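Please open the model in your viewer and keep the selection panel at hand. The stops below move through charged side-chain pairs and then through some backbone features.

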Amino acid sequence: MSHQRLTSLFGALALLSSIPLTVGATDPTSNFAERLLARHNRERVSMGIAPLRWDGRLAASAQGWADHLAATGRFEHAPERQNDPQGENLWAGTRGAFTLERMVDAWIREKRYFTPGLFPNNSATGDVDDIGHYTQLMWRDTGEVGCALARGKVEDVLVCRYSDAGNYIGERPF
């Protein structure tokens, strides 16, 4: 690993350790971007992957889709964006019952099924759906993330968008 990359990773670790832990926070909108970015980056940095940066454009894009899902009660990925490909992770759960950190942790828990290799052959179960959120969150070429939360009648919906998109067939996630 190059000296510059090590310096960057150590700097990211120092930054992350200076962010107060907010796992017990009950207001999902309190320090929204900082909390989501910190939870993503804690996992990435622990695996030696460069931290993500928050992107307001991605967050705005995510908000439009989160609002759509909450209003319709549907749970599906947005149509592919041909001219602006974005990776996307979705989460939904009982309204008001989960912190932002627990929402992201649901994706990170897929790590238990992850095996090294070329995507999509990274799942110990043989099912790419068991690791796809984790690999997008960890994708080595992804540098930015933006997320949004919307409240439906019974569920909260979290949408995170990533650039560069990940989960490309035949490539190593990290």
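Is E43 buried or exposed? In this predicted model, E43 counts as buried, because its relative accessibility is 8% and the cut-off for burial is under 20%.

K111 itself is partly exposed, with a relative accessible area of 33%, whereas E43 is buried.

Next, select R161 and E88, whose salt bridge brings the closest N and O atoms to 2.8 Å from each other. Here too distant parts of the chain are linked, for R161 belongs to strand β4 (residues 155-163) and E88 to strand β2 (residues 87-94), 73 residues apart. R161 is buried at a relative accessible area of 4%, and E88 also counts as buried, at 13% relative accessibility.

Move on to R140 and D141, where the side chains meet in a salt bridge with an N to O distance of 3.7 Å. D141 counts as partly exposed at 42% relative accessibility, and R140 likewise counts as partly exposed, at 36%.

To finish with the charged groups, select R57, R81 and D84 together, and you will have a network of salt bridges that links these three residues. The count of salt bridges in the model comes to 11.

Now turn to the backbone and display the peptide bond that joins F119 and P120, which is cis, with omega about 15°.

N167 counts as partly exposed, at 23% relative accessibility.

For the last stop, go to the loop between α1 (3-18) and α2, where N31 is found. N31 is not a glycine, yet its phi is positive, at about 50°, and the residue is partly exposed, with a relative accessible area of 45%.

Terms used
Residues numbered from 1 in each chain as written. Predicted model: local features only at pLDDT ≥ 70, side-chain atom pairs only at ≥ 80, totals over all residues. Heavy atoms only, no water. Salt bridge = Lys/Arg side-chain N within 4 Å of Asp/Glu carboxyl O. Buried < 20%, exposed > 50% of the residue type's maximum accessible area, 1.4 Å probe, protein only. Helix = DSSP H or I, 4+ residues; strand = E, 2+ residues; numbered from the N terminus.
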